[in-house]
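Let's walk through this structure together, one part at a time. Keep the view open as you read, so that you can find each part as it comes up.

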Amino acid sequence: MFVVKNAWRNVIRNKGRNILIAIIVAIIAAAATIGLAIRQAAVTARETGLENTTITAQISFDRSKAISELRESSSSSDSSSSDSSSDSSSDSSDSKPDFDAMREAMSDKQLTLADYQKYAKASSAVKSTYYTETASLAATDDFQPVEDSTSGSSSSSDSSSSSSSSSDSSSGSSDSSDTSKSDANGNGGDGQQQPGGQGGGDMGGGMGGMTMTTGDFSLVGFSSDEAVSNAENGTFTMSDGEVFGYGTDSDGDVIISKELADFNNLSVGDTITVENASDSDTTYKLTIVGIYENSTESSNQMGGPMRSTASDPANAIYTSVSTLKSLGLDADSTTETTDSSGNTTETAAAQLNYTYVFSSKDDYETFVSDVAKAGLSDDYTVSSADVEQYESSLVPLNNLAQFALTLLLIVLGVGAVVLVVITLFNVRERKYEVGVLTAIGVKKAKVAAQFTFELLVVTMIGLALGAAGGAIASVPVSNQLLAAQVAQQESQASSQNAQFGRDMQGPGAQGASNSASSDSSDASSSSGSSSSDSSSSSSTSGSSSNANASGANNAGRPNGPGGMMGQAVSYVSNVNATVNLKIVGQLLAIGLGLTLVAALVAVVFVMRYEPLQILADRS
Amino acid sequence: MTATTATNATSATTAAKPILELDNVSYSYTKGGKKVLKNITHAFRIGEVHSITGPSGAGKTTMLSLISGLANPTEGKVLYNGKDLAKQDRYDYRSHDIGVIFQSFNLLPQLTVAENIMLSMDASGKKFDKPKKELAVDLLEQVHLPAEYANERILHLSGGEQQRVAIARALSYGPSVIVADEPTGNLDMGTQEDIMSIFRTLAHEQGVCVIIVTHSPEVAAASDEVFELAPLRRR
């Protein structure tokens, strides 16, 4: 009691110094409050954002890793490979990579349906799964694909490059990649991995849907309604008829787009005949049970002269996987293609696109670890477009959280040092007092307790003031900081776009610069035309995330517009950095911690002092 | 003098019994170093004024430190009421049983006179039958200081006045031993006489054992018993 009374008297007595300490503590506390608030807001945004939303994920083959491994023997550079594939004129350059060996090695890595299903069973976290298989079909005289004026040049480029495109398709299909790429750049998959590695684009490697480098139609088989509703070309509505069933009794039933139906003057109930894309002797008869209209059609328009007819969403024929299987066009079947030099390559007849659905991000993470346990090798990556999309929208917030942590640590470090130094001087200054007190018989522990209590009173006052100030300031300050971060992110992205746009003019350096200029690049990989750029960016901003989880969830189908989602992310631009009891608690803990550290110094000094020594020095 | 303080513990009936004894005490500041005190044996009794004299460097202040429990003897024992001081809580001893008047007073300059006195009362942890402030004023009267000094800052007092406050503080919790280090060192003759009379009153009327370290012959002459410390032989 006497200690407390004495301490309180001393606090009152040394107003000046104590006010100084209180101000310092208040500043530390205010900075710490803001830092804690930002961190908590970031953590909350990250955790709750995807908490109750459905997440889809794919397993994809990490080609960049495999290729870099394969290429360690041949010392050709990355750019030459992507160059040579996208621009055959540079193929004649000296160090030519051994494409065939690489393709072969990579095609072995292709996962089969059984593999995918095995991994789905390996984890209990999987809520459901669905998959699509995409095969290509060629037109017959009766049934022609929708083509507009630009696609004329596209088809000519198709045919001109058809010799190489068959081998392209082999690599393309075996790699199961190349989302929505037009064929000229089809092998630009090499180039695309770089942006893929940057985050959102990685699914470009894994989503492997629409790359039909040959053929006029893409025949897409769906495993379930869930797969249909997540169709790569976007959601659609039935304008006539109804969606096919999934049993074997529905084999041969297809639905086609309204454009295609109108183009060929077809209606529900008609049958169409299509050819096998690689073997014109084989034809298939399909029954139209419905006509659909893409509701997000515009988002998928590739535009530009390079697109192929098969990749035009209008030319997508939807059916069940069962139909594909009955036609021998599923992913487990193979087709033989013969390229111009007479080599016969065997490739899967369809590309498999297997999607796992999870009810939360935690389940997704469980799945990632489960499949690793189940024997999925390092060559494959599990990626979720939803998660990546959401996380890329969190980039500024994460940066800010990082910044806040740094700020917090610096403030705490400086604060601790300042507090310790002040206490140190304080105790030294009051050495005489310590000597007198101990000489008249006050125990050292009591003296130390008195000093600690004094410091505690002062820091608690400072802490209260600082917490109040920080609470008031945290919301505007953190939003201000976040806005700066977002602006920085956006200017980075736009400068990359600008750089990319320029570099696109030079065809030779294109591949290299494409792969080098990272994330935002893939948007216009097929052509540098600004029209495709703007359309894709508008599509992404349309369907993609806004800060909230629901927004990010709606973008759960980013495979629709292909690997372009990485481009126009609307960043989380508002955090709710309010100060709550938890933060006050943390602050109190920090304040007590700092006080105790400082008080410890005081205690050590007090304990070291011998009253006799002090008083002897004095006299 | 009939001043009432909290001290009135024992009367002169036990005058002959030594309250504090030095038993063959030696002291050196560093281990194995020069001995400042060597084989001192002496007994201090209550109700008497003792003087410790000797030339500079004879170890007067060191002896006072040993008596007041600020230091422990290197060899030998200091006995308080027959018990070895080294085995007791010396903080309790200092705050309860002995009042020390330091040469430099060791008052806290930022406190008032009354606060300094009350601090010692608080530190002793003893219970008092009157408010501490009143006791402090009584003590001021006892050391011949006017009551209005109670709220004066120590720094505003003269040396002689500070000396009296230091005495008042030492008396405040009623110790049975009062130790004073050169209490008259820088005081004029009149004040010196007055302070000595206070000490004599304490010893003779209140049964306190007063020990004064001094090199003043007048002070030594005014005390009941003189213990002369011989200078140590130089080595």
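In this predicted model, begin with two helices of chain B: α5(B), residues 159-171, and α6(B), residues 189-206. Their axes come within 11 Å and cross at roughly 10°. Angles under 35 degrees count as roughly parallel, and α5(B) and α6(B) are therefore roughly parallel to each other. Where do they touch? On the α5(B) side you will find Gln163(B), Arg164(B), Ile167(B) and Leu171(B), and these meet Thr191(B), Asp194(B), Ile195(B), Phe199(B) and Leu202(B) of α6(B). Sorted by class, this contact has five nonpolar, two polar and two charged residues.

Staying in chain B, look for strand β4, residues 75-80, which holds Leu79(B). Is Leu79(B) buried or exposed? Its relative accessible area is 15%, and buried means under 20%, so Leu79(B) is buried. Beyond its neighbours within four places in sequence, Leu79(B) is in contact with Ile19(B), Leu20(B), Glu21(B) and Asp84(B).

Now let's see how chain B joins up with chain A. Here 22 residues of chain B are in contact with 20 residues of chain A. The size of an interface is often given as the accessible area lost when the parts come together. For chain B and chain A that buried area is about 2000 Å², with 61% of it on carbon and sulfur atoms. Which residues of chain B lose the most area to chain A? They are Tyr91(B), Asn106(B) and Leu119(B), and together they make up 27% of what that side buries.

Among the buried ones are Tyr432(A), Glu433(A), Leu437(A) and Thr438(A). Just after this helix comes Gly441(A), which takes a positive phi of about 100°.

Finally, an unreviewed UniProt entry lists residues 20-38, 403-427, 447-472 and 583-606 of chain A under "transmembrane region". Residues 447-472 of chain A are 100% helix, and their end C-alpha atoms lie 38 Å apart. Residues 583-606 of chain A are 100% helix as well, with end C-alpha atoms 34 Å apart.

How values were computed:
Residues are numbered from 1 along each chain as its sequence is written. Chains are lettered from A and ligands numbered from 1 in the order in which they are written. This is a predicted model: local features need pLDDT of at least 70, side-chain atom pairs count only at pLDDT 80 or more; totals for chains, interfaces and linings use all residues. Side-chain values use heavy atoms; hydrogens and water are left out. Axes are lines fitted to C-alpha atoms, for helices over the stretch in contact, and angles run from 0 to 180 degrees between N-to-C directions. Helices (H or I, at least four residues) and strands (E, at least two) are DSSP runs, numbered from the N terminus. Angles under 35 degrees count as roughly parallel, over 145 as roughly antiparallel, 65 to 115 as roughly perpendicular and the rest as oblique. Contact means heavy atoms within 4.5 Å. Ala, Val, Leu, Ile, Met, Phe, Trp, Tyr, Cys and Pro count as nonpolar, Asp, Glu, Lys and Arg as charged, and the others, Gly among them, as polar. UniProt positions are given in the numbering used here, feature names are shortened, and annotations may be inferred rather than shown by experiment. Buried means under 20% relative accessible area, exposed over 50%, partly exposed in between (1.4 Å probe, protein chains only). Buried area is the accessible area (1.4 Å probe) that two parts lose on being put together, summed over both.
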